[in-house]
Amino acid sequence: MILLLLFSLMIVPATTLAESVIDSSAVQAQSTRTAPLTIEEVFARIDLTHPLLRATGLERAQARAKILKALGAWEPKFRNEVEIDRYLTWNLTNVSGVPNTEIAGYSDTMLKIGHPYGFEIFGGIRNGFGTHATLNGSGGPILRSPETGPVAFPTDMQLFYPQQMAIVGGAFNLMRGFMINDQYAALQQAELAGPQAEIAVAQKRQDLYLAGAVQYWDWQVAAKQADVVKRALAVAEERYRMVEGRSKAGAVAPIDVVEAREEVQRRREAAIAAQRKVEYEQYKLALFLWENGQPVTPRPEWAPEFQGETPLPSEEDVAAFKVEAMEDRPEVRDLYIEAKLNNIELKLAKNNLLPKLEVEGGPSVGGIYWIGGFGYRVGTLFSMPLFNRAARGKVLHAEAQQQRLTWKIAYTERQVTIDVDNWLSAIVRARDRVTAATEALRLAKTLEEGERARFNMGATSVLFVNLRERAVVQAAYELYRAQADYAVARGGMLWARGALSKPVSNDVLAKYGDPLHAAGSSGRKLPGRD
């Protein structure tokens, strides 16, 4: 009895290995679904819910942040400056010659505004205060009284009262920094961050679509191959029971029973391995199927049949595909953006070769100017490095980078056209393989049926029937693999053309979720924002 119990404990694990391992996400996904999982749904779910695509979409928000940061260089600035000065006057404004201590000051309130072209202007109001007398605006004598000191307070550009006047000023770059400068170059580069973000989203979508499609077809192959193995196992088990019955009746030798039972164990082991392959592929595919923030594990019965063959593209279609690839592939588009960024750097570097000539003007600062009158100043600043090595070095670097990008763009454009030819070859060869594998499976089944008929007549052994059935299973394996490779080749052609970088239509997205909140649209500017 104890030996029987130990034997049963050893057998139980071996019989349970073939059962499907299901996690909580798979249980949640099973529910009552009966419809097959299509490649269209895989693409739609990637575009609707994939976390990596949503994360990449946030580069759009970062691009807008870069523009706001660059615009801060010319942000209108409200400023208030207060200055108080104390003077000990002798004969300068005091006709009596008696030294007096005077206090004069002003408060400047102004608004400064800059422009990307390299100039800045400001305007505002100056309010004066302190012990003062007022100069006559027409050049007359100082008006003073015993209660006020002798400090002159001019009436130039006077506003509402003698101690208040308007002030204006600004600064202009006439050579270096005119129309192209560090701040304006940063803004132009920030404006290209938006197209760069869209290219990054297209690149991530293309990568996810291709990886999801390949994984989808690998899962489909694994599910179909597992089904073939399970059916072969059922056939072997049925034959084992038949041979065992015939052996008991004395119609066949006992060695045939052992042969039939050994084949059952061999196919059971293959079925367990095939089941593990299905589970492995379905868990990998689950990372492309998200719902409510969780991956959805597909069931084997969701695997559809492989689609039939489609007409091959014509020479005109292939030529159009190559043009489309050079325009839509994210790899090429990203290089074009990089070339534009470098062109901005080159323009800035060449501008820095010019001398710096700045003209500025505005009200004179300092309380001393209240004594003799309200003063304005205008000045120029000219400077230039003697050898200008820094600017020349930046120009050489930008020109070398420009040449490098030219060669890289030329290579990438040729590369994407070669990709089109490569995947066209893959489609043609995969079609040929499907045709050959289909014929091989038909012949293998014919041999299997003939061998089984000979076995029923007693003209052959179980061994040869098993060999014929194994050949059918292997031929079915090869056919499914060829069909999957054909599907991969068709998807590869879409990738080579750049079609996988584009989202599926809203009509398709609406079948599986809300297109307005799609992961591929994350980071887009919504109405009312910014």
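Helices H7 and H10 cross with a left-handed sense in this predicted model. Their axes lie 9 Å apart and form an angle of about 160 degrees. Because angles over 145 degrees count as roughly antiparallel, H7 is roughly antiparallel to H10. On the H7 side, the contact is made by Pro195, Gln196, Ile199, Ala202, Gln203 and Gln206, and H10 contributes Pro330, Glu331, Arg333, Asp334, Ile337 and Leu341. Sorted by class, the residues in this contact of H7 with H10 are six nonpolar, three polar and three charged.

Helix H7, which spans residues 193–248, also packs against H6, which spans residues 182–191. Here the angle is about 25 degrees and the axes are 4 Å apart. H6 and H7 are therefore roughly parallel to each other. Gln189, Ala190 and Glu191 of H6 meet Ala193, Gly194 and Pro195 of H7 in this contact. Three of the residues in the contact of H6 with H7 are nonpolar, two are polar and one is charged. Pro195 of H7 takes part in the contact with H6 and also in the contact with H10.

The second topic is the pairing of charges. Side chains of opposite charge can pair when their charged atoms come close. Across the whole structure, a search finds 36 salt bridges.

Which residue does arginine 239 meet in a salt bridge? Its partner is glutamate 469, at a distance of 2.2 Å from N to O. Arginine 239 belongs to helix H7 and glutamate 469 to helix H13 (residues 462–497), so this pair ties together parts that are 230 residues apart in sequence. Both arginine 239 and glutamate 469 are buried.

Glutamate 469 also forms a salt bridge with arginine 452, where the closest N and O atoms are 3.0 Å apart. Since arginine 452 lies in helix H12 (residues 389–456) and glutamate 469 in helix H13, the pair links parts that are 17 residues apart in sequence. Glutamate 469 has a relative accessible area of 3% and is therefore buried, whereas arginine 452, at 26%, is partly exposed. These residues belong to a network of salt bridges that links Arg239, Glu262, Glu263, Arg266, Arg267, Glu448, Arg452, Glu469 and Arg470.

A further salt bridge joins the side chains of arginine 79 and glutamate 81, with 2.6 Å from N to O. Arginine 79 is partly exposed, at 34% relative accessibility. Glutamate 81 likewise counts as partly exposed, its relative accessible area being 28%.

Notes
Residues numbered from 1 in each chain as written. Predicted model: local features only at pLDDT ≥ 70, side-chain atom pairs only at ≥ 80, totals over all residues. Heavy atoms only, no water. Axes fitted to C-alpha atoms, helices over the stretch in contact; angles between N-to-C directions. Helix = DSSP H or I, 4+ residues; strand = E, 2+ residues; numbered from the N terminus. Parallel < 35°, antiparallel > 145°, perpendicular 65-115°, else oblique. Contact = heavy atoms within 4.5 Å. Nonpolar A, V, L, I, M, F, W, Y, C, P; charged D, E, K, R; others polar. Left-handed = near helix turned anticlockwise from the far one by under 90°. Salt bridge = Lys/Arg side-chain N within 4 Å of Asp/Glu carboxyl O. Buried < 20%, exposed > 50% of the residue type's maximum accessible area, 1.4 Å probe, protein only.
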